[in-house]
Amino acid sequence: MKELLELYENKQPEIVFNWKDSETEAEGWTVINSLRGGAAGGGTRMREGLDMNEVLSLAKTMEVKFTVSGPNIGGAKSGINFNPQDPRKKGVLERWYKAVSPLLKSYYGTGGDLNVDEIHEVIPITENCGVWHPQEGVFTGHFQPTEADKINRIGQLRQGVIKVLENTTYSPDISRKYTVADMITGYGVAEAVHHYYDIYGGDIKGKRAVVQGFGNVGSAAAYYLAQMGAKVVGIIDRAGGLIKEDGFSFEEIKQLFLDKQGNTLVSKDLIPFEEVNERVWGLKTEIFAPCAASRLITQEQISTMIDSGLEVISCGANVPFADKEIFFGSIMEYTDKRVSLIPDFISNCGMARVFAYFMERRVQMTDEAIFNDTSMTIKNAIQNTFDNNSSKTNISNTAFEIALKQLV
(Lines give C-alpha, C1' and ligand atoms only; values in the text may rest on other atoms or scores of the structure.)
Protein backbone atom coordinates (compact mmCIF):
# COMPACT_ATOMS: atom_id res chain seq x y z
CA MET A 1 0.00 0.00 0.00
CA LYS A 2 2.80 2.44 0.89
CA GLU A 3 4.39 2.09 -2.57
CA LEU A 4 1.03 2.67 -4.28
CA LEU A 5 0.43 5.67 -2.04
CA GLU A 6 3.83 7.18 -2.81
CA LEU A 7 3.26 6.80 -6.55
CA TYR A 8 -0.18 8.40 -6.25
CA GLU A 9 0.89 11.27 -3.98
CA ASN A 10 3.90 12.19 -6.12
CA LYS A 11 2.03 12.23 -9.43
CA GLN A 12 1.63 15.84 -10.58
CA PRO A 13 -1.96 17.15 -10.99
CA GLU A 14 -3.12 17.55 -14.60
CA ILE A 15 -4.49 21.10 -14.20
CA VAL A 16 -3.81 23.89 -11.69
CA PHE A 17 -5.89 27.05 -12.19
CA ASN A 18 -4.69 30.06 -10.16
CA TRP A 19 -6.75 33.25 -9.71
CA LYS A 20 -6.03 36.55 -8.00
CA ASP A 21 -9.00 38.78 -7.27
CA SER A 22 -8.89 42.22 -8.85
CA GLU A 23 -10.78 43.91 -5.99
CA THR A 24 -9.53 42.23 -2.78
CA GLU A 25 -6.54 40.27 -1.49
CA ALA A 26 -8.35 36.96 -2.22
CA GLU A 27 -6.48 34.25 -4.12
CA GLY A 28 -7.97 30.99 -5.37
CA TRP A 29 -6.98 27.68 -6.91
CA THR A 30 -8.77 24.90 -8.72
CA VAL A 31 -6.64 21.76 -8.72
CA ILE A 32 -7.72 18.93 -11.03
CA ASN A 33 -5.72 15.87 -10.08
CA SER A 34 -6.81 14.01 -13.21
CA LEU A 35 -9.52 13.97 -15.85
CA ARG A 36 -10.15 10.25 -15.28
CA GLY A 37 -13.31 9.33 -17.16
CA GLY A 38 -13.27 12.72 -18.90
CA ALA A 39 -14.15 14.87 -15.89
CA ALA A 40 -13.30 15.75 -12.29
CA GLY A 41 -15.28 16.78 -9.22
CA GLY A 42 -14.75 18.45 -5.86
CA GLY A 43 -16.25 21.25 -3.75
CA THR A 44 -15.21 24.86 -3.14
CA ARG A 45 -13.90 25.94 0.27
CA MET A 46 -12.86 29.30 1.69
CA ARG A 47 -10.67 30.04 4.66
CA GLU A 48 -7.97 32.47 5.64
CA GLY A 49 -4.50 30.92 5.31
CA LEU A 50 -5.50 28.28 2.76
CA ASP A 51 -2.80 27.47 0.17
CA MET A 52 -2.44 25.48 -3.04
CA ASN A 53 -1.05 22.41 -1.22
CA GLU A 54 -4.23 22.11 0.84
CA VAL A 55 -6.31 22.23 -2.35
CA LEU A 56 -4.06 19.63 -4.02
CA SER A 57 -4.34 17.20 -1.09
CA LEU A 58 -8.13 17.55 -1.11
CA ALA A 59 -8.28 17.00 -4.89
CA LYS A 60 -6.37 13.74 -4.45
CA THR A 61 -8.68 12.78 -1.56
CA MET A 62 -11.71 13.37 -3.83
CA GLU A 63 -10.31 11.03 -6.47
CA VAL A 64 -10.00 8.26 -3.88
CA LYS A 65 -13.55 9.03 -2.68
CA PHE A 66 -14.99 8.58 -6.19
CA THR A 67 -13.74 4.96 -6.22
CA VAL A 68 -16.39 4.40 -3.50
CA SER A 69 -19.16 6.88 -4.30
CA GLY A 70 -18.90 6.99 -8.12
CA PRO A 71 -18.96 8.23 -10.79
CA ASN A 72 -15.58 6.99 -12.09
CA ILE A 73 -14.05 10.43 -12.53
CA GLY A 74 -10.97 12.32 -11.38
CA GLY A 75 -10.61 14.29 -8.18
CA ALA A 76 -10.58 18.08 -7.99
CA LYS A 77 -11.02 20.84 -5.44
CA SER A 78 -11.33 24.61 -5.34
CA GLY A 79 -10.04 26.76 -2.51
CA ILE A 80 -10.03 30.50 -1.86
CA ASN A 81 -7.64 32.12 0.62
CA PHE A 82 -9.98 34.72 2.15
CA ASN A 83 -11.74 35.38 5.45
CA PRO A 84 -15.29 33.94 5.09
CA GLN A 85 -16.57 36.43 7.70
CA ASP A 86 -15.49 39.39 5.52
CA PRO A 87 -18.52 41.33 4.20
CA ARG A 88 -16.88 41.27 0.73
CA LYS A 89 -17.26 37.46 0.56
CA LYS A 90 -20.22 37.48 -1.87
CA GLY A 91 -18.35 39.65 -4.40
CA VAL A 92 -15.27 37.42 -4.13
CA LEU A 93 -17.36 34.31 -4.83
CA GLU A 94 -19.12 36.00 -7.77
CA ARG A 95 -15.81 36.95 -9.41
CA TRP A 96 -14.30 33.55 -8.61
CA TYR A 97 -17.12 31.56 -10.22
CA LYS A 98 -17.13 33.85 -13.25
CA ALA A 99 -13.42 33.10 -13.75
CA VAL A 100 -13.82 29.36 -13.27
CA SER A 101 -17.12 28.97 -15.20
CA PRO A 102 -15.48 27.70 -18.45
CA LEU A 103 -14.15 24.72 -16.46
CA LEU A 104 -17.58 24.19 -14.85
CA LYS A 105 -19.20 24.09 -18.30
CA SER A 106 -16.68 21.62 -19.73
CA TYR A 107 -15.20 19.03 -17.34
CA TYR A 108 -15.27 20.16 -13.68
CA GLY A 109 -18.12 19.79 -11.19
CA THR A 110 -18.16 21.57 -7.83
CA GLY A 111 -20.33 21.98 -4.74
CA GLY A 112 -20.21 23.47 -1.26
CA ASP A 113 -17.42 22.85 1.25
CA LEU A 114 -15.93 24.55 4.30
CA ASN A 115 -17.51 28.06 4.65
CA VAL A 116 -19.16 27.90 1.21
CA ASP A 117 -22.84 26.91 1.13
CA GLU A 118 -24.08 24.66 -1.69
CA ILE A 119 -27.66 25.94 -1.77
CA HIS A 120 -27.34 29.63 -0.88
CA GLU A 121 -24.02 30.44 -2.58
CA VAL A 122 -22.73 27.86 -5.10
CA ILE A 123 -25.95 27.13 -7.02
CA PRO A 124 -27.32 30.70 -7.42
CA ILE A 125 -23.91 32.29 -8.17
CA THR A 126 -22.91 29.68 -10.78
CA GLU A 127 -26.35 29.99 -12.41
CA ASN A 128 -25.75 33.73 -12.79
CA CYS A 129 -22.50 32.86 -14.60
CA GLY A 130 -24.42 30.81 -17.19
CA VAL A 131 -23.68 27.41 -15.65
CA TRP A 132 -26.80 25.22 -15.58
CA HIS A 133 -25.70 23.43 -12.44
CA PRO A 134 -22.37 23.29 -10.48
CA GLN A 135 -22.03 19.65 -11.65
CA GLU A 136 -22.62 20.47 -15.34
CA GLY A 137 -18.97 19.80 -16.25
CA VAL A 138 -19.24 16.22 -14.97
CA PHE A 139 -22.26 15.62 -17.21
CA THR A 140 -20.52 17.16 -20.21
CA GLY A 141 -17.13 15.52 -19.75
CA HIS A 142 -18.01 12.13 -18.29
CA PHE A 143 -21.56 11.20 -19.29
CA GLN A 144 -21.57 13.05 -22.64
CA PRO A 145 -25.38 12.96 -22.77
CA THR A 146 -27.64 14.28 -25.50
CA GLU A 147 -28.93 17.82 -24.87
CA ALA A 148 -32.35 16.47 -23.85
CA ASP A 149 -30.88 13.87 -21.50
CA LYS A 150 -28.58 16.49 -19.99
CA ILE A 151 -31.54 18.79 -19.28
CA ASN A 152 -33.49 15.92 -17.64
CA ARG A 153 -30.63 14.72 -15.46
CA ILE A 154 -29.57 18.21 -14.39
CA GLY A 155 -33.21 18.85 -13.48
CA GLN A 156 -33.19 15.69 -11.36
CA LEU A 157 -29.93 16.73 -9.67
CA ARG A 158 -31.17 20.28 -8.99
CA GLN A 159 -34.40 19.03 -7.48
CA GLY A 160 -32.76 16.20 -5.52
CA VAL A 161 -29.99 18.00 -3.66
CA ILE A 162 -32.31 20.72 -2.35
CA LYS A 163 -35.21 18.33 -1.78
CA VAL A 164 -36.90 19.13 1.54
CA LEU A 165 -37.05 16.04 3.76
CA GLU A 166 -40.58 14.86 4.48
CA ASN A 167 -39.83 11.67 6.40
CA THR A 168 -39.48 12.03 10.18
CA THR A 169 -36.90 9.19 10.20
CA TYR A 170 -34.45 11.50 8.44
CA SER A 171 -35.56 15.01 9.44
CA PRO A 172 -35.27 16.30 13.03
CA ASP A 173 -38.24 18.62 12.35
CA ILE A 174 -40.15 18.55 9.07
CA SER A 175 -41.56 22.05 9.71
CA ARG A 176 -37.98 23.45 9.55
CA LYS A 177 -37.54 22.23 5.95
CA TYR A 178 -34.16 20.47 6.28
CA THR A 179 -32.83 19.34 2.90
CA VAL A 180 -30.95 16.27 1.65
CA ALA A 181 -27.78 18.42 1.47
CA ASP A 182 -28.19 19.49 5.12
CA MET A 183 -28.28 15.96 6.51
CA ILE A 184 -26.73 13.37 4.17
CA THR A 185 -23.03 13.63 5.10
CA GLY A 186 -23.65 13.32 8.85
CA TYR A 187 -26.07 10.47 8.14
CA GLY A 188 -23.31 8.63 6.27
CA VAL A 189 -20.87 9.12 9.16
CA ALA A 190 -23.39 7.52 11.56
CA GLU A 191 -24.33 4.75 9.09
CA ALA A 192 -20.63 3.84 8.74
CA VAL A 193 -20.58 3.09 12.50
CA HIS A 194 -23.82 1.12 12.26
CA HIS A 195 -22.48 -1.00 9.34
CA TYR A 196 -19.12 -1.42 11.07
CA TYR A 197 -20.76 -3.11 14.07
CA ASP A 198 -23.03 -5.20 11.83
CA ILE A 199 -20.09 -6.48 9.74
CA TYR A 200 -17.25 -6.70 12.28
CA GLY A 201 -19.46 -7.71 15.22
CA GLY A 202 -21.14 -5.85 18.03
CA ASP A 203 -24.13 -3.61 18.57
CA ILE A 204 -24.24 0.17 18.29
CA LYS A 205 -26.96 0.41 20.97
CA GLY A 206 -25.55 1.68 24.24
CA LYS A 207 -22.10 2.49 22.80
CA ARG A 208 -20.72 5.82 24.01
CA ALA A 209 -19.78 8.40 21.40
CA VAL A 210 -17.77 11.62 21.24
CA VAL A 211 -18.43 14.04 18.37
CA GLN A 212 -15.90 16.71 17.36
CA GLY A 213 -17.50 19.67 15.56
CA PHE A 214 -21.19 20.58 15.61
CA GLY A 215 -21.60 22.08 12.14
CA ASN A 216 -23.56 20.55 9.29
CA VAL A 217 -21.79 17.18 9.52
CA GLY A 218 -21.15 16.79 13.26
CA SER A 219 -24.62 17.81 14.40
CA ALA A 220 -26.30 15.44 11.92
CA ALA A 221 -23.90 12.61 12.85
CA ALA A 222 -24.72 13.13 16.56
CA TYR A 223 -28.46 13.16 15.76
CA TYR A 224 -28.40 9.90 13.79
CA LEU A 225 -26.01 8.14 16.21
CA ALA A 226 -28.38 8.99 19.08
CA GLN A 227 -31.34 7.84 16.97
CA MET A 228 -29.59 4.47 16.51
CA GLY A 229 -29.24 4.09 20.28
CA ALA A 230 -25.65 5.24 20.77
CA LYS A 231 -25.05 7.48 23.81
CA VAL A 232 -23.35 10.76 22.94
CA VAL A 233 -21.22 11.53 26.03
CA GLY A 234 -19.20 14.46 24.68
CA ILE A 235 -19.37 17.19 22.03
CA ILE A 236 -16.44 19.53 21.36
CA ASP A 237 -16.89 22.55 19.09
CA ARG A 238 -14.95 25.76 18.44
CA ALA A 239 -17.07 27.74 20.90
CA GLY A 240 -16.92 25.14 23.68
CA GLY A 241 -18.57 21.83 24.38
CA LEU A 242 -20.78 19.57 26.45
CA ILE A 243 -20.05 16.48 28.53
CA LYS A 244 -22.51 14.04 30.08
CA GLU A 245 -20.79 10.82 31.09
CA ASP A 246 -23.99 8.74 31.23
CA GLY A 247 -24.95 10.05 27.77
CA PHE A 248 -27.42 12.58 26.41
CA SER A 249 -30.84 11.22 25.50
CA PHE A 250 -31.98 11.23 21.87
CA GLU A 251 -34.41 14.05 22.73
CA GLU A 252 -31.56 16.13 24.22
CA ILE A 253 -29.37 15.63 21.13
CA LYS A 254 -32.33 16.46 18.88
CA GLN A 255 -32.89 19.70 20.83
CA LEU A 256 -29.19 20.63 20.54
CA PHE A 257 -29.47 20.06 16.79
CA LEU A 258 -32.54 22.31 16.56
CA ASP A 259 -30.96 24.99 18.79
CA LYS A 260 -27.66 25.34 16.91
CA GLN A 261 -27.09 28.73 15.31
CA GLY A 262 -25.68 28.22 11.84
CA ASN A 263 -22.81 25.84 12.47
CA THR A 264 -22.37 26.70 16.16
CA LEU A 265 -23.32 24.63 19.21
CA VAL A 266 -25.62 26.59 21.54
CA SER A 267 -26.47 25.57 25.11
CA LYS A 268 -26.87 27.27 28.48
CA ASP A 269 -24.60 24.50 29.87
CA LEU A 270 -21.76 25.13 27.39
CA ILE A 271 -18.33 24.34 28.87
CA PRO A 272 -15.53 26.73 27.76
CA PHE A 273 -13.32 25.31 24.99
CA GLU A 274 -10.15 25.04 27.13
CA GLU A 275 -11.94 23.00 29.78
CA VAL A 276 -13.80 20.68 27.41
CA ASN A 277 -10.58 20.16 25.41
CA GLU A 278 -8.87 19.03 28.63
CA ARG A 279 -11.61 16.57 29.57
CA VAL A 280 -13.26 15.19 26.44
CA TRP A 281 -10.36 12.98 25.19
CA GLY A 282 -10.28 11.00 28.44
CA LEU A 283 -14.01 10.15 28.52
CA LYS A 284 -14.91 6.47 28.42
CA THR A 285 -16.07 6.12 24.81
CA GLU A 286 -16.27 3.47 22.09
CA ILE A 287 -17.15 5.69 19.08
CA PHE A 288 -15.39 8.83 17.89
CA ALA A 289 -16.72 10.97 15.02
CA PRO A 290 -14.25 13.74 14.09
CA CYS A 291 -16.40 16.16 12.05
CA ALA A 292 -14.58 19.49 12.47
CA ALA A 293 -11.83 20.93 10.26
CA SER A 294 -8.99 18.89 8.74
CA ARG A 295 -5.71 18.09 10.51
CA LEU A 296 -6.74 18.81 14.11
CA ILE A 297 -6.35 15.55 16.07
CA THR A 298 -3.00 15.02 17.78
CA GLN A 299 -1.39 11.70 18.65
CA GLU A 300 -1.70 12.51 22.35
CA GLN A 301 -5.48 13.06 22.02
CA ILE A 302 -6.04 9.83 20.12
CA SER A 303 -3.78 7.82 22.49
CA THR A 304 -5.84 9.05 25.45
CA MET A 305 -9.05 7.96 23.69
CA ILE A 306 -7.62 4.54 22.85
CA ASP A 307 -6.61 4.07 26.49
CA SER A 308 -10.22 4.96 27.47
CA GLY A 309 -11.70 2.07 25.44
CA LEU A 310 -12.15 3.51 21.93
CA GLU A 311 -13.31 0.93 19.36
CA VAL A 312 -14.14 2.74 16.12
CA ILE A 313 -13.55 6.11 14.43
CA SER A 314 -15.85 7.30 11.64
CA CYS A 315 -14.30 10.30 9.91
CA GLY A 316 -16.65 13.15 9.04
CA ALA A 317 -13.75 15.50 8.30
CA ASN A 318 -11.33 14.96 5.45
CA VAL A 319 -7.88 14.01 6.83
CA PRO A 320 -8.81 14.67 10.50
CA PHE A 321 -5.35 13.89 11.91
CA ALA A 322 -2.66 16.54 12.41
CA ASP A 323 -0.33 14.91 9.86
CA LYS A 324 1.76 16.76 7.27
CA GLU A 325 1.36 13.99 4.68
CA ILE A 326 -1.48 14.22 2.15
CA PHE A 327 -3.19 11.03 3.32
CA PHE A 328 -1.61 8.42 5.45
CA GLY A 329 0.62 10.21 7.94
CA SER A 330 2.21 8.83 11.11
CA ILE A 331 -0.74 9.71 13.43
CA MET A 332 -3.25 8.07 11.09
CA GLU A 333 -1.02 4.99 10.73
CA TYR A 334 -0.57 4.78 14.52
CA THR A 335 -4.38 4.99 14.98
CA ASP A 336 -5.18 2.50 12.20
CA LYS A 337 -2.93 -0.12 13.83
CA ARG A 338 -4.69 0.18 17.19
CA VAL A 339 -8.42 0.71 16.57
CA SER A 340 -10.96 0.42 13.77
CA LEU A 341 -10.49 3.54 11.64
CA ILE A 342 -13.05 4.01 8.85
CA PRO A 343 -11.39 6.40 6.39
CA ASP A 344 -13.02 9.67 5.35
CA PHE A 345 -13.50 8.61 1.72
CA ILE A 346 -15.91 5.92 2.89
CA SER A 347 -17.60 7.48 5.94
CA ASN A 348 -18.13 11.01 4.58
CA CYS A 349 -18.95 10.14 0.97
CA GLY A 350 -22.67 10.96 1.43
CA MET A 351 -22.79 14.16 -0.62
CA ALA A 352 -20.57 12.76 -3.39
CA ARG A 353 -22.83 9.72 -3.55
CA VAL A 354 -25.97 11.86 -3.73
CA PHE A 355 -24.50 13.72 -6.73
CA ALA A 356 -23.68 10.38 -8.40
CA TYR A 357 -27.16 9.00 -7.63
CA PHE A 358 -28.98 11.93 -9.20
CA MET A 359 -26.72 11.89 -12.26
CA GLU A 360 -28.03 8.45 -13.14
CA ARG A 361 -31.04 8.05 -15.43
CA ARG A 362 -34.39 8.38 -13.69
CA VAL A 363 -34.06 7.49 -10.01
CA GLN A 364 -36.55 7.45 -7.13
CA MET A 365 -36.82 10.84 -5.46
CA THR A 366 -38.10 9.68 -2.06
CA ASP A 367 -36.18 10.35 1.17
CA GLU A 368 -35.95 6.58 1.76
CA ALA A 369 -34.48 5.84 -1.68
CA ILE A 370 -31.89 8.65 -1.46
CA PHE A 371 -30.71 7.86 2.09
CA ASN A 372 -30.81 4.09 1.54
CA ASP A 373 -28.60 4.47 -1.55
CA THR A 374 -25.94 6.30 0.50
CA SER A 375 -26.24 3.72 3.30
CA MET A 376 -25.78 0.80 0.89
CA THR A 377 -22.80 2.47 -0.81
CA ILE A 378 -21.05 2.82 2.57
CA LYS A 379 -22.05 -0.71 3.61
CA ASN A 380 -20.63 -2.19 0.40
CA ALA A 381 -17.33 -0.34 0.84
CA ILE A 382 -16.96 -1.55 4.46
CA GLN A 383 -17.95 -5.10 3.46
CA ASN A 384 -15.38 -5.05 0.63
CA THR A 385 -12.71 -3.93 3.13
CA PHE A 386 -13.73 -6.70 5.55
CA ASP A 387 -13.59 -9.30 2.74
CA ASN A 388 -9.97 -8.28 2.11
CA ASN A 389 -9.02 -8.04 5.81
CA SER A 390 -11.34 -9.27 8.57
CA SER A 391 -9.16 -7.82 11.35
CA LYS A 392 -10.55 -4.85 13.32
CA THR A 393 -7.26 -3.01 12.75
CA ASN A 394 -5.60 -1.75 9.54
CA ILE A 395 -9.04 -1.05 8.05
CA SER A 396 -7.89 2.25 6.49
CA ASN A 397 -4.72 0.65 5.14
CA THR A 398 -6.80 -2.05 3.42
CA ALA A 399 -9.40 0.42 2.10
CA PHE A 400 -6.67 2.65 0.64
CA GLU A 401 -5.03 -0.31 -1.07
CA ILE A 402 -8.35 -1.29 -2.70
CA ALA A 403 -8.88 2.29 -3.92
CA LEU A 404 -5.32 2.99 -5.07
CA LYS A 405 -5.18 -0.19 -7.16
CA GLN A 406 -7.93 1.42 -9.25
CA LEU A 407 -6.04 4.71 -9.61
CA VAL A 408 -2.33 3.92 -10.01
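Tutor: Helices (H or I, at least four residues) and strands (E, at least two) are DSSP runs, numbered from the N terminus. This is a predicted model, in which local features need pLDDT of at least 70, side-chain atom pairs count only at pLDDT 80 or more, and totals for chains, interfaces and linings use all residues. Residues are numbered from 1 along each chain as its sequence is written, and side-chain values use heavy atoms, with hydrogens and water left out.

Student: Does Asn33 count as buried or exposed, and why?

Tutor: Buried means under 20% relative accessible area, exposed over 50%, and partly exposed in between (1.4 Å probe, protein chains only). Because its relative accessibility is 2%, Asn33 counts as buried.

Student: Which side chain does a polar contact of 2.9 Å join to that of Asn33?

Tutor: A polar contact is a pair of N or O atoms within 3.5 Å; within protein, one must be able to donate a hydrogen and the other to accept it, and residues adjacent in sequence count only if both atoms are side-chain atoms. At 2.9 Å, the partner of the Asn33 side chain is that of Lys60.

Student: How many bridges join strand 8 to strand 9?

Tutor: Two strands pair if DSSP finds at least two bridges between them. Strand 8 (residues 231-237) and strand 9 (residues 240-248) run antiparallel, and a hairpin joins them through 2 residues. Asp237 stands opposite Gly240 in strand 9. The number of bridges is 5.
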